[in-house]
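Welcome! Please have a look at the structure below, and then we will walk through a few of its features together.

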Amino acid sequence: MVDRLQDKVAKDVVADAAHNSTHRQFQHPFDITNEQVQYLDGRIGDFAAAFEDATGCHPSHPIYAACQEPVLMVGRICCDSEGRLNERSVLLEGSVALSNGMRTKLDLSKLEGFKLFPGQVAVVRGINPSGACIVAHQMYTAVPKPVVQTSLDQMQHFAQATGAKGLSIVVAAGPFSSNEDATYEPLQALLTHCMTQPPDVLVLMGPFVNADHPLVQAGMLEESYEDIFVSQVIDRLDEYLESAGSSSHVVLVPSIRDVHHHPVFPQPPLPPEAVPTRHPQQFTLLRNPGTFACNEVEVGVVTSDVVKYLSGQEVQRGPQGDRLPSFAAHLLGQQSYYPMYPPAPGSLLDCSQASNLQLPVTPDVLLLPSDLNPFAKLVSLPAPPPKGAHTDAYPSSAVQTAGQVVCVNPGRLAKGAGGGTFATFQIAPSAEGRAAALGRAPETNGSLAHSVHLRCKAIITRV
């Protein structure tokens, strides 16, 4: 589900309402084995159901059962040891319902190419001559959510509200203060920049009070963590909003590295009482991970460093290109903000809340703050075989594209002793919305794809 913040005319910002309303459901991550099993088994079942819905093919063959003719099987990618995944160490773990949760070795030698990581759910077409090893002929690892569409009337409303300039968004990820002090000069520099031309939406992603900061670790701060957050972050944002005016919105997304907030993932939003702003109607407190919308534009965000972890875990064969888009494509194709398992050390995953990791929709923009180099990339949505196509005649290398997503790592606003980077977006109104606003006859009265990648300009800027 997606949350929506209301503004009177200029824009409509939406946040994850169903999951932003409570803190009591989120607990510190003392996972029970049964909860882990239910989470992992549920992911396999959900992916199999999505694959069947998209293709009409049901991957129901048990992974341990011998078969001499190619069949469809579904399971989770695992490693046969404690080491890093490689081509010779891949196992496929089936669901409890179809395969009694058993694991079988996966032979990838006949595949032209693949990109795999631990925890990834895959549908495999292949044989299992003895019951001990699956020889994969094709592998399907992506069934993205449908691309969101919006009615022409709403597109027209948004185009009229924003005018020809469209929608402007500024995105920054913490830390927000250098590691030499707690003066938050990079944050002030960002807000000073925004005051010159206030964006419609300012998205700030934690950590806001960084647990890894040398002064925090040394216990040398004179204020409480909560007071630092209010005095250095919220008070500055209030000053910014008083300058920017009532048409600006601020979205706050926490991090598990926030020492003043619950260290658990998925993570609840910052509680309203912890954000004593003078402009509460202009704030959206989003959970981590979360999804919100600015007008028709769907934005997804996760503050855990998914990109960095995937970069060290993925094993691939095939053409060597830019790997960064493929990491984002994994999240979209797996319908999950955090499809890896086992999780990264220190990720504090709470499997009892794992349903909050699911992507409610395929976003138009995906924000993935990372310690790796900042980037702004277009990510193609891989699609499974179309419904009615026979998988035996449709190789997994024949990837169809279901659309494109703008994926951005804004970098860290503070890096070491100095400033870092942030991202700015300018999204023009849709051509159909503009035409309708000008009174031109529409080509269709049906719902319209957003096609944000065709009208979005993303820039990485240094503080």
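Where does P289 lie? P289 is in the loop between strand 13 (283–285) and strand 14 (290–294). Helices (H or I, at least four residues) and strands (E, at least two) are DSSP runs, numbered from the N terminus.

## About the model

This is a predicted model, in which local features need pLDDT of at least 70 and side-chain atom pairs count only at pLDDT 80 or more, while totals for chains, interfaces and linings use all residues. Residues are numbered from 1 along each chain as its sequence is written, and side-chain values use heavy atoms, leaving out hydrogens and water.

## Two cis peptide bonds

Back to P289: a cis peptide bond joins N288 to P289, with omega about 0 degrees.

Another cis bond runs from Y341 to P342, and its omega is near 5 degrees. P342 sits in the loop between helix 9 and strand 17 (365–367).

## Positive phi angles

The loop between helix 9 and strand 17 also holds L348. L348 is not a glycine, yet its phi is positive, at about 60 degrees. L348 counts as partly exposed because its relative accessibility is 31%. Here, buried means under 20% relative accessible area, exposed means over 50%, and partly exposed is in between (1.4 Å probe, protein chains only).

S451 is another residue other than glycine with a positive phi, near 50 degrees. Look for S451 in the loop between strand 23 (448–449) and strand 24 (456–462). With a relative accessible area of 31%, S451 is partly exposed.

## The largest nonpolar core

How many residues are in the largest nonpolar core? There are 33, and Y39, Y338 and L368 touch the most other members. Such a core is a set of buried Ala, Val, Leu, Ile, Met, Phe, Trp, Tyr and Cys residues joined through side-chain atoms within 4.5 Å.

The elements giving two or more residues to this core are helix 2 (33–55), helix 8 (306–313), helix 9 (324–334), strand 18 (375–383) and strand 19 (400–409). Helix 9 gives the most, with 6 residues.

E222 lies in the loop between helix 6 (214–217) and helix 7 (225–244). Why does E222 count as exposed? E222 counts as exposed because its relative accessibility is 85%.
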